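Me: Please walk me through this one, beginning with the spaces inside and then the ligand.

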Amino acid sequence: MAIESSCDDTSCAILCDTRVLANRTAGQEIHRLYGGVVPELASRDHQKNIVPVVHAVVSEAGLNLSDIDAVAVTRGPGLMGSLLVGLSFAKSLALALNRPLIEVNHMQGHVLAHFIDSPLQKKPEFPFLCLTVSGGHTQLVLVKDYLDFELLGETIDDAIGEAFDKAAKILGLPYPGGPLLDQLGAKGNAKRFEFAKTKTEGYNYSFSGIKTSFLYFIQNALQKDKDFVQNNLNDICASYQAHLVNVVLKNAIRVLKDKNLHQLAIAGGVSANSELRRRIGELEREMTIQTFLPEFQYCTDNAAMIGIAAYYKYLKAEFSGLGLAPLVKMPL
Ligand code: KG4
Ligand code: ZN
C-alpha cells in the first residue's frame, strides 16, 4: 500500500508487484477560493480524507488490511504539514500491521510511474533521460537504473507548473490554471505572441522572468485595449504554452545530443499538457529517438507512482525505521 500526501492531493494505492489493484485520489476544492494551495488548509483536508481514501482502496482491491505486505509513503519533497499527515498515518499502519515501512522520494515516484504495468505503454530502457515537470519542480534527470538517478539540471527559481498557474491567474482563470490554459490554448494560434527568453548556466532553467514578462505583456496590452484578454484569450494561451514547452524542451534536446542518449521520457503534472505531448511526438520523428509519456492518470500526483517506486525498494529490502521524519526539501 502506498500513500501520497505531499501537496493538496490525498492519494492511496495498492499494487501487486508492478500492477495497480486500486488507486484513488481525493482532491481539495478549498484552494480554489484562494487561487493557490494554502498549506494549513491542505493538512486539515488530508486529515479528513486519508481514512476514507484508504478504506475505499482496500475495498476496491478486494483485500483486507492484513493482506498488505508493506506500507510506502512519500517522505518529501513537499509541504511540511501535508507530508506529516501521510507519514504519521503510514507509520501507524506499518506499526499496527507489523509490516515494513518504505519511504519514497516524490520526484523519484514521478519518474518511476513509467514502470507501472500498462498494456498500451512501452517502457524505457536504462539509461534514459527524464524531464520531470510539475507544480514544484522542473528537472532533467539521467535515470541509470530503477533507483539510480543523476540530476543534470533543474530550475533555479520557479517550476514550469507555477509559470502555467500564475499566467492562468493573471488571465482570470481559476486555480489550478494549467489544465485550463492547455484547453484554451488548443483552440488558439501559437505563433501570434512572443514572450521573454531567459539565460541560465548548464542545463538549468529559470521561469520567474518569463512569468513577470507575461504579467507586463498583459498589463501593457490592457492599457491599449481593455478587452484584450477576452478577445484574444485562446491565442494568448496557445502562444504562452508553446513558449514554455519550447523552453523546457530546448535543454532536454541539448542533453540528448551531448550525452548521446536516444530515449526521452516526461513525467509530473505538466506532462499531462497536450502541447508538450504533441511536441514530444514530433521530436521522436525528427530526432529518431524513442519517447515515453506516462499514462495520463499517472502524470499528476498519485499514490500508484509511490507504490511502484516502493516496489523496487522492497525488492532490495530498503526499509525505514518508525522514527522517520518528513523532508520539505529532499534531494533526488
Ligand atoms: O505533479 P503535480 O500533480 O504536483 C506537483 O508535484 O507539483 O503537478 C501539478 C502541476 C500544476 O501546476 C498544474 O497546473 C500542472 O501540473 N498541470 C498542467 C496540466 N495538468 C496539470 N499544466 C499544463 N497543462 C496541463 N494539462
Ligand atoms: Zn508531483
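Reply: On a 1 Å grid over the protein atoms alone, a cavity is a set of points where a 1.4 Å probe fits but cannot get out, while a pocket is an open set with protein on both sides within 12 Å along at least five of seven lines; lining residues have an atom within 4 Å of a point. This is a predicted model, where local features need pLDDT of at least 70 and side-chain atom pairs count only at pLDDT 80 or more, though totals for chains, interfaces and linings use all residues. Residues are numbered from 1 along each chain as written, chains are lettered from A and ligands numbered from 1 in written order, and side-chain values use heavy atoms, without hydrogens and water.

Me: Which residues line the largest cavity, and how do they divide by class?

Reply: The lining includes Ala-113, His-114, Lys-123 and Tyr-298. Here Ala, Val, Leu, Ile, Met, Phe, Trp, Tyr, Cys and Pro count as nonpolar, Asp, Glu, Lys and Arg as charged, and the others, Gly among them, as polar. The lining comes to 5 nonpolar, 3 polar and 2 charged residues.

Me: Which residues lie nearest the centre of the second largest pocket?

Reply: Its 21 lining residues divide into 6 nonpolar, 9 polar and 6 charged. Nearest its centre are Lys-197, His-243, Asn-246, Val-247 and Lys-250.

Me: Which residues come nearest to ligand 1?

Reply: Its shell (residues with a heavy atom within 4 Å) holds 4 nonpolar, 10 polar and 3 charged residues. Of these 17 residues, the nearest are Gly-135, Asp-165, Asp-182, Gly-269 and Asp-301.

Me: How far is a polar side-chain atom of Asp-165 from an oxygen atom of ligand 1?

Reply: Backbone atoms also approach oxygen atoms of the ligand: a polar one of Gly-161 is 3.4 Å away, and an N or O atom of Gly-178 lies 3.4 Å away. For the polar side-chain atom of Asp-165, the distance is 2.6 Å.

Me: What is omega for the cis bond from Gly-76 to Pro-77?

Reply: Pro-77 sits in the loop between strand E4 (71–76) and helix H2 (80–97); such helices (H or I, at least four residues) and strands (E, at least two) are DSSP runs numbered from the N terminus. A cis bond also joins Phe-126 and Pro-127, with omega about -5 degrees. For Gly-76 to Pro-77, omega is near -10 degrees.

Note on methods. A polar contact is a pair of N or O atoms within 3.5 Å; within protein, one must be able to donate a hydrogen and the other to accept it, and residues adjacent in sequence count only if both atoms are side-chain atoms.
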